[in-house]
Amino acid sequence: IMARSQVGKILTFLSIFATDIQLFSVTNAFHVPSYATRSATVTVVPFSTFDSSLTRKPFQAMEHDSESKSSSTSLAMGMWDSDNDQKIMGKDRLLACAPYILPLCDGDQFGKYIFQRIPAIGQLDYLLLGGFHGFFNSVPLSSFGLFLLFAFQSRNMDLSRAVRFNFQQAILIDIALIFPELFSSISGSAGQNLPRIVLETSSNLVFYTYAAAIGYSVISNLLGEKPDQIPVLSEAAEQSIGPM
């Protein structure tokens with residue numbers, strides 16, 4: 001069941017990503033290249049006359065086109081990097097933290113060696129996540145259902161872009177955890193023959209990495225700052241939700 005759920009998450013993400021690519025292609029299909037407009041604007045100006053007012057028009061047209069291109073570029077950059085997008089206000093701070101509960105629970109298993117060595121951390125982990133683990137274990141495919149819900153919420157235009165960004169980034173963190181999970185489940189009994197130091201080191205590395213990413217995201221959201229500095233994942237989340 002776990003393997004099916006993880007494969008389902010990957011297929012769902014790929015289908016959503018493919019849809020984004022198709023929409024991007026359709027949008028570009030209706031885009032008129034600026035060089036075509038520039039060429040048409042310049043060629044209609046008669047150069048054969050000695051009227052100085054006419055000979056200035058090509059250069060005026062080119063200057064106007066350059067200004068339009070510059071303003072369009074500024075507008076596009078503003079859509080991606082506006083100050084409002086970088087700030088998370090009011091109740092959106094808590095809402096932006098909510099989706100990280102999914103990767104937090106899915107990656108919790110990689111901290112088992114840390115919990116064994118430091119029981120206090122294990123007890124704290126149980127107090128914070130024990131209820132969620134109980135729900136996910138008692139309801140089949142509940143984790144996958146929550147993944148689908150978050151995936152659709154990342155496309156919900158009623159939410160602010162910063163909140164949708166966090167939904168998408170939480171999904172990507174959860175997808176990144178699928179690969180060590182699948183490796184762990186596939187290796188099975190073969191992994192039991194590996195030295196404990198190898199198993200413990202690799203498991204701890206995954207735990208520290210994903211815990212740092214989630215901790216950074218949650219703290220940034222609570223402070224009102226968008227957590228967009230996670231290598232690779234933040235950029236992928238930005239591109240996935242689009243400029244609006």
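**Ground rules.** I worked on a predicted model, where local features need pLDDT of at least 70, side-chain atom pairs count only at pLDDT 80 or more, and totals for chains, interfaces and linings use all residues. Residues are numbered from 1 along each chain as its sequence is written, and side-chain values use heavy atoms, with hydrogens and water left out.

**Entry 1: the count.** How many salt bridges does the structure hold? I found five. A salt bridge here is a side-chain nitrogen of Lys or Arg within 4 Å of a carboxyl oxygen of Asp or Glu. Side chains of opposite charge can pair when their charged atoms come close.

**Entry 2: Lys87 and Glu225.** I looked up this salt bridge and read 2.7 Å between the closest N and O atoms. Lys87 sits in the loop between helix H5 (83-86) and helix H6 (92-97), and Glu225 in the loop between helix H13 (196-222) and helix H14 (233-241), so the pair ties together parts 138 residues apart in sequence. Helices are DSSP runs (H or I, at least four residues), numbered from the N terminus. My cut-offs: buried is under 20% relative accessible area, exposed is over 50%, and partly exposed is in between (1.4 Å probe, protein chains only).

**Entry 3: Glu238 and its partners.** Glu238 is buried at 13% relative accessibility. Arg161 is buried as well, with a relative accessible area of 9%.

Glu238 also forms a salt bridge with Lys226, the closest N and O atoms being 2.6 Å apart. Lys226 lies in the loop between H13 and H14 while Glu238 is in helix H14, so this pair ties together parts twelve residues apart in sequence. I noted both Lys226 and Glu238 as buried.

**Entry 4: a network.** I also logged Arg117, Arg196 and Glu200, which are linked in a network of salt bridges.

**Entry 5: Arg164.** I placed Arg164 in helix H11 (residues 161-187). Arg164 is buried, with a relative accessible area of 2%. What does its side chain reach? I found the backbone oxygen of Asn156, at 3.5 Å.

Methods: Helix = DSSP H or I, 4+ residues; strand = E, 2+ residues; numbered from the N terminus. Polar contact = N/O pair within 3.5 Å; in protein donor to acceptor, adjacent residues only side chain to side chain.
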